[in-house]
Amino acid sequence: MIETVQDFFRTLAETHPKWNFIFFHDPSQWERVISGFYVTLQLSVVCVILSVVIGIIGAWAQGSPSRIIRWVVQGYIQFFRNTPPLIQLLFFYFALGQFTPTVTGPDGWTEQPIISNIGWAIISLSFFAGAFNVEIFRSGIEAVPNSTLEAAESLGFTRAQTYANVTFPLALRVSLPALNNNLINLVKTTTQAIAIAVPELLYEMVSIWNDYASAQNAAMTVLFFTYIALVGILAFGMNRWEARLHVPGFGKTS
Amino acid sequence: MTHPFSATTDLPVILQPTYRGPDALGYSRWLASMPVWTLPAMAVLVLLWPTIVQAQTVYSTEKIMGIMVKWLPLLLTKGFAMNVVISFFTMLVGTIAGLLLGIGRVSDNRYIRRLSWLVVQLFRNSPWLVLLFIVMLTLPFEIRIAGTYFAVPDWMKAVFGLSLPIMANIAEIVRGAIQSVPSAQWEAAESLAFTRRQILWQIILPQCFKRMIPPWMNWYAIMTMATPLVSLLGVTELVTLSRQAMEAEGNNPSLLVPFYGFALIIFFAYCYPIARLTMRLEKKFAVKG
Amino acid sequence: MDIMKGEVICIIGPSGSGKSTLIRCINALNDVQSGSITLEGYNVHDPRLNKLELRRKVGMVFQQYNLFPHKTALENVMMAPLKVLREPRAEVETRARALIRKVRLEGKEDAYPGELSGGQQQRVAIARSLAMNPNVMLFDEVTAALDPETVKEVLLTIKELAADGMTCILVTHEMGFAREVADHIYFTDKGVIVEHGAPETFFANASDPRTRKFLGQIL
């Protein structure tokens, strides 16, 4: 089966020299694509989870009675929302990276920074998307009317119970469409990790077409549609989730 | 006491959320909400930075200042000016293409409608950087028009790469604006024997033109912030030049904050007034409808 | 103002006269600024009061129903006993279904609040409060937001509740209803109780001029 596919693309490359899908018939190139895809997936999943966690914590901290905490959160949002994620990445990796301590690598004599470039990409991208998520969750929480919370209170719910059973489920439903957009944007932004040489999908694809000029068209096509598919799957999943959480008479009627 | 709710439909179950999402004016609204002193504050911070970290650096404050002053004219005229040029042309190409695509989204031809939908989805949902890479590599470095060869400079290719997502997003703005005009307008014009094209260009679009300006400017600001991306493809602009300048000065880490800080400030200084204006216009048009 | 077990009390008065504040104080939703409220041994005015414990004994129904929009009618009724009292699910469900029957909403168990009319929602809200087995029920202008035709069904539910011997405190504008069900009527104006009495005497010969003026406007 695999043989047939490989043969097909090998023949295609011979008959159409501009369409050399090299990674479909050369196992070592295939491995590069897969490892790049895996890094992209890893970046996306970890950043999505971390940014949502940051968003929830940040939204909670914004309601804090302490003015200093609110200021810190506000400053964080302002900084990360207004600067290009590319410059954030460069800043994190180059400017902050030089201050982090190094450890001795597995070979016993090279010094490696504690946080790798993938680590910095995860930190930087999570904080970038997290800044938007804070705002999204905050506005979701604000959209829950006080009177509904009062009803829960009058039934004897504690504050934590009210938050878990009423505020959060309702705020989530309000936040989902905006969250959806932001997470899609995050997955698209993971490509910028190429700036600090994170070996993700774009990076691997670019190096493949630098190595094999004949693979350029093929690599670009596959690259383009892989990202469309990734974003599509995320959007589909989020929309399904939104539909499952939908309750009649709540939010938009259309 | 009057109650604005009827018992069955408009439940007071949820208040209007204040967040508008990245596709509305979220970005400009937020940027414009910052106080005017943010910019001077940022500038002061960057200027003071060498003094703050002086203990850890080998360069003195004066030396860093000297280096910055030396490079500043080049960074501005060859660097940031290029970002502005790229953003102008991107917006020009993106707007024209987006207008046509947006009209295609409401075409009465089913196939044009579906095709436009597909194009919009493809370019809205793919990473800008991937589009940039693809366009940079597929466009030829020169084109032949009437026997003579014209070189296509790198930045021109970058313009095409950036205008693809802008086109898709402008198309959505156009579609939304066209659909916001009551259908009675269409019927009234049809009854006066206007053709569909006449209705669109002479009646509908002039009406929603104002409505499109604020989101259009919002996208301009977002795209301008994204222009440093082209530095990854070797196009000369602010970030590319900053890096080269730092290399020329021996790649000292204490130069990172002044140089990147300068980049942040100049982008902020450029986008902030645009955001303020966007919000002013939005308010103005909202009142007049 | 003393209220006996099983009594039905109606509080009436012009808008902004402190009726709702009074009733919300009983449930500790508003703080008591001066004076004292004692309920079954709880000092409601005491700042050290265990509010959660008090609220388990006192049910409250609001003008705007305030159902949880993301839960079905049955889930709305079951939620508090499950989460607050931590009772076994099977037991709670039997009781919740019985309560929904009691407020005449059989068949609507799985409907979301958004699918119910205002009167139906209000009856679910009553069932939700009853599910906590309260000793006292507070009704804060529960019919003010309803269409005239659905007012009746809610009032009927309250009347049945009163007939069962539940202690009820109502803030209401429905004078006819107050006269019919109340054991005692209080009239408040500008934050103080002006006058009170049994319904027959209260409506027939109110002594205070403010009360007479108010009744004259309403009746």
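**Figure 1. The two faces of strand β1 of chain C.** In this predicted model, C:Val8, C:Cys10 and C:Ile12 point one way from β1(C), C:Ile9 and C:Ile11 point the other way, and all are buried. In a regular strand the side chains alternate between the two faces of the sheet. The strand covers residues 8-12 and is mostly covered, with five of its five residues buried. What does C:Ile11 touch, leaving aside residues up to four places away in sequence? Its contacts are C:Lys19, C:Leu22, C:Ile23, C:Ile169, C:Leu170, C:Val171, C:Tyr186 and C:Thr188.

**Figure 2. The partner strands of β1 of chain C.** Strand β6 (residues 167-171) of chain C is joined to β1(C) by four bridges, and the two run parallel. Within this pairing, C:Leu170 of β6(C) stands opposite C:Cys10. Strand β7 (residues 184-189) of chain C is also joined to β1(C) by four bridges, again running parallel. Here C:Tyr186 of β7(C) is the bridge partner of C:Ile11. C:Tyr186 is also among the residues that C:Ile11 touches. Strands of a sheet pair through backbone hydrogen bonds, either parallel or antiparallel.

**Figure 3. The six-stranded sheet of chain C.** The sheet is open and has the strand order β4-β5-β6-β1-β7-β8, with mixed pairing. Which strands stand at the edges? They are β4 (58-61) and β8 (192-197) of chain C; each has a single partner strand, so one side of each is left without a neighbour in the sheet. Direction ignored, neighbouring strands of this sheet are turned by 20° against each other on average.

Figure 4. Two facing pairs can be followed here. C:Met60 stands opposite C:Leu138 in β5(C), and C:Val61 stands opposite C:Phe139 in β5(C). Are the residues on the faces of β4(C) buried or exposed? C:Val58 and C:Met60 on one side, and C:Gly59 and C:Val61 on the other, are all buried, and both faces of β4(C) are covered.

Figure 5. How many residues of α5(C) are buried? The count is 13 of the 13, so α5(C) is largely enclosed by the rest of the structure. Helix α5 spans residues 118-130 of chain C; at 1.5 Å a residue, its 13 residues should span 18 Å, and the end C-alpha atoms are 18 Å apart, which agrees.

**Figure 6. Two loop residues of chain C with positive phi.** Most residues other than glycine have a negative phi, and most peptide bonds are trans. C:Asn66 is not a glycine, yet has a positive phi of about 55°. C:Asn66 lies in the loop between β4 and α3 (73-83) of chain C. C:Arg86, also a residue other than glycine, has a positive phi near 55°. C:Arg86 is placed in the loop between α3 and α4 (89-102) of chain C. Why does C:Arg86 count as exposed? C:Arg86 has 8 C-beta neighbours inside 10 Å, and a residue is exposed if it has 12 or fewer. C:Asn66, with 24 other C-beta atoms within 10 Å, is buried, because the cut-off for buried is 20 or more.

**Figure 7. The largest nonpolar core.** In soluble globular proteins, nonpolar side chains tend to be buried together. The largest nonpolar core holds 192 residues, of which C:Ile11, C:Val77 and C:Cys168 touch the most other members. Helix α6 (residues 154-180) of chain B gives this core its largest share, 14 residues. Chain B has 10 helices and two strands, and 38% of its 289 residues count as buried.

How values were computed: Residues numbered from 1 in each chain as written. Chains lettered and ligands numbered in written order. Predicted model: local features only at pLDDT ≥ 70, side-chain atom pairs only at ≥ 80, totals over all residues. Expected span 1.5 Å × (residues − 1). Core = buried A, V, L, I, M, F, W, Y, C linked by C-beta atoms within 7 Å. Contact = placed C-beta atoms within 7 Å. Pairing = 2+ DSSP bridges. Axes fitted to C-alpha atoms, helices over the stretch in contact; angles between N-to-C directions.
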